Amino acid sequence: MPAGVTRCGQCLKRPQAPVQRSVAALDYGFPWDGLVAGLKFHGQIELAPTLARLLSEAVVSAGIEPAARLIVPVPLSQLRLRKRGYNQAWELARRIARWHGASADPHLLQRIRDTAHQLELPEADRAANVRDAFLVEPRHAQRVRGRDVALVDDVMTTGATTSEAARALLAAGATQVEVWVLARTPTPGG
């Protein structure tokens, strides 16, 4: 977004979206797509500090105070977490939280069912794929209630995953949800 613009055209067209605002550090394209894929799919966890720093700088440049938010990563299903061995969104979120003295927790938001990879699906099927896939862990819901929450993920394409996760956080009592993503897939032709 250009300086001074706080809502994109898509957000203006869909005012019912559950996300207050989104911040993306990068466009998902060369050379960043290779680095993001390295972190996400190829176990290159050593990329996390550098990529988290880029996202942290984008958040601060957007005029956001990270310490004032509860920082929550988009969770993986238990099956995908076991296969991968780590959650790349948590690797970004935990570093941002530590650098800014913010509260973060990888267990508050749960993915309660395994879903197909969004990248394997056409855009029209993505929202249905993640519908009702997230739930705030009931024993910890009081930590979400009344808080501004930053939901962290690596890549946003259609926003279906982050919108559904934001709905779960709002249902648990979050005041508002922002989405902080490392990379945003550019709109074709945009």
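**View 1. Glutamate 137, a buried residue at 15% relative accessibility, and its salt-bridge partner arginine 139.** In this predicted model, the side chains of the two residues meet with N and O 2.8 Å apart. Arginine 139 is exposed, with 63% relative accessibility.

**View 2. The salt bridge between glutamate 178 and arginine 21.** The N to O distance is 2.9 Å. Because glutamate 178 belongs to strand β7 (residues 176–184) and arginine 21 to strand β1 (residues 21–27), the pair ties together parts that lie 157 residues apart in sequence. Glutamate 178 is buried, its relative accessible area being 2%, whereas arginine 21 is partly exposed at 25%.

**View 3. The salt bridge of arginine 94 with glutamate 91 in helix α5.** The closest N and O atoms are 2.9 Å apart. Arginine 94 is partly exposed, with 28% relative accessibility; glutamate 91 is buried, with 8%.

**View 4. Arginine 53 over the face of tryptophan 99.** The arginine lies at 3.7 Å from the ring centre. Aromatic pairs, by contrast, number zero in the structure.

View 5. Of the 190 residues, 44% are buried. The structure holds nine salt bridges. Among contacts with a separation of 6 or more, 78% join residues 24 or more positions apart.

Notes: Residues numbered from 1 in each chain as written. Predicted model: local features only at pLDDT ≥ 70, side-chain atom pairs only at ≥ 80, totals over all residues. Heavy atoms only, no water. Phe/Tyr/Trp six-rings, centres within 6.5 Å; stacked < 30°, edge-to-face > 60°. Lys NZ or Arg CZ within 6 Å of the ring centre and 35° of its normal. Buried < 20%, exposed > 50% of the residue type's maximum accessible area, 1.4 Å probe, protein only. Contact = heavy atoms within 4.5 Å. Salt bridge = Lys/Arg side-chain N within 4 Å of Asp/Glu carboxyl O. Helix = DSSP H or I, 4+ residues; strand = E, 2+ residues; numbered from the N terminus.
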